[in-house]
Amino acid sequence: MCIMKDKVISNIKTIRESKNFTAEYLATQLGISQSTYSRKENGETDFTLPELVKVSEALEVPLVKIIDLDLARIINNTQHNENTTNSNGFVENQTNNSAEGYKVAIETQEKEIAYLRAQVDKLMDKLGG
């Protein structure tokens with residue numbers, strides 16, 4: 001199973017359990033059987049994007065909370081790539097790189113949100129909603 005899929009499933013299960021929702025409740029919200037839902041939450045079958053939208057609505061959380069970009073990885077990659085070493089061997093602008101890392105992470109999330117909103121809009125148009 002891919003890391004992203006694992007993270008999405010883990011997020012769904014964690015949020016569901018924290019809100020004391022049963023798998024049966026989410027299955028009902030998705031219009032599928034409990035056994036089909038269990039296969040999805042166990043990673044045996046995939047959630048579709050429309051199903052993820054319905055799950056986010058049922059769990060009363062934004063879709064991005066379910067999908068969850070790994071901000072720490074983005075920030076660390078940015079810091080690693082932008083740190084420079086001066087002639088004395090010291091890393092320069094470490095504080096600035098940390099702020100830049102957060103800026104890149106925020107920009108990345110904003111782009112992802114815009115992309116996902118566009119995808120949801122397309123799907124809603126197809127579904128007639």
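**Entry 1: aromatic pairs.** I count two rings of Phe, Tyr or Trp as a pair if their centres lie within 6.5 Å, and I call the pair edge-to-face if the planes are over 60 degrees apart. On that basis I find two aromatic pairs in this structure, which is a predicted model. I examined the one formed by Y37 and F47: the ring centres are 5.9 Å apart and the planes stand at 70 degrees, so I record the pair as edge-to-face. Y37 belongs to helix α3 (residues 34-41) and F47 to the loop between α3 and α4, so the pair ties together parts that are 10 residues apart in sequence. I note both Y37 and F47 as buried.

**Entry 2: the charge at F47.** I next asked which residue lies over the face of F47. I find K40 there, at 5.8 Å from the ring centre. K40 is part of helix α3.

**Entry 3: the core.** I then turned to the largest nonpolar core, which has 20 residues. The members that touch the most other members are I12, Y37, F47, L52, V55, L59 and I66. I see two or more residues coming from each of α1 (3-18), α2 (23-30), α4 and α5 (63-67). Which element gives the most to this core? I find that it is α4, with five residues. I keep in mind that nonpolar side chains tend to be buried together in soluble globular proteins.

**Entry 4: helix α4.** I looked up the buried residues of α4, which spans residues 49-59, and find E51, L52, V53, V55, S56, A58 and L59. For L52, leaving out residues up to four places away in sequence, I record V8, I12, F47, L63 and I66 as touching it. After α4 comes E60, for which I note a positive phi, near 60 degrees.

**Entry 5: I15.** I located I15 in helix α1. The relative accessible area of I15 is 15%, so I count this residue as buried. Beyond its neighbours within four places in sequence, I15 is in contact with L59, V61, K65 and I66. I also checked I15 against E60: their C-alpha atoms are separated by 9.5 Å, although the two residues are 45 residues apart along the chain.

**Entry 6: the whole chain.** I count seven helices and two strands, in the order α-α-α-α-α-α-β-β-α along the sequence. Of the 129 residues in the chain, I find 26% buried. Among contacts with a separation of 6 or more, 57% join residues 24 or more positions apart. I compute an accessible surface of about 8600 Å², with 50% of this area belonging to carbon and sulfur atoms.

**Entry 7: confidence.** I note a mean pLDDT of 78 for the chain, with 72% of its residues at 70 or more. Where is confidence lowest, and where is it highest? I find the lowest in strand β2 (residues 91-92), at a mean of 44, and the highest in α2, at 96. Over residues 78-96 I read pLDDT below 50, and I record 17 contacts in the model for this stretch beyond near neighbours in sequence.

Notes. Residues numbered from 1 in each chain as written. Predicted model: local features only at pLDDT ≥ 70, side-chain atom pairs only at ≥ 80, totals over all residues. Heavy atoms only, no water. Buried < 20%, exposed > 50% of the residue type's maximum accessible area, 1.4 Å probe, protein only. Helix = DSSP H or I, 4+ residues; strand = E, 2+ residues; numbered from the N terminus. Phe/Tyr/Trp six-rings, centres within 6.5 Å; stacked < 30°, edge-to-face > 60°. Lys NZ or Arg CZ within 6 Å of the ring centre and 35° of its normal. Core = buried A, V, L, I, M, F, W, Y, C linked by side-chain atoms within 4.5 Å. Contact = heavy atoms within 4.5 Å. Areas by Shrake-Rupley, 256 points an atom, 1.4 Å probe, with all protein chains shown as cover. pLDDT = per-residue confidence, 0-100.
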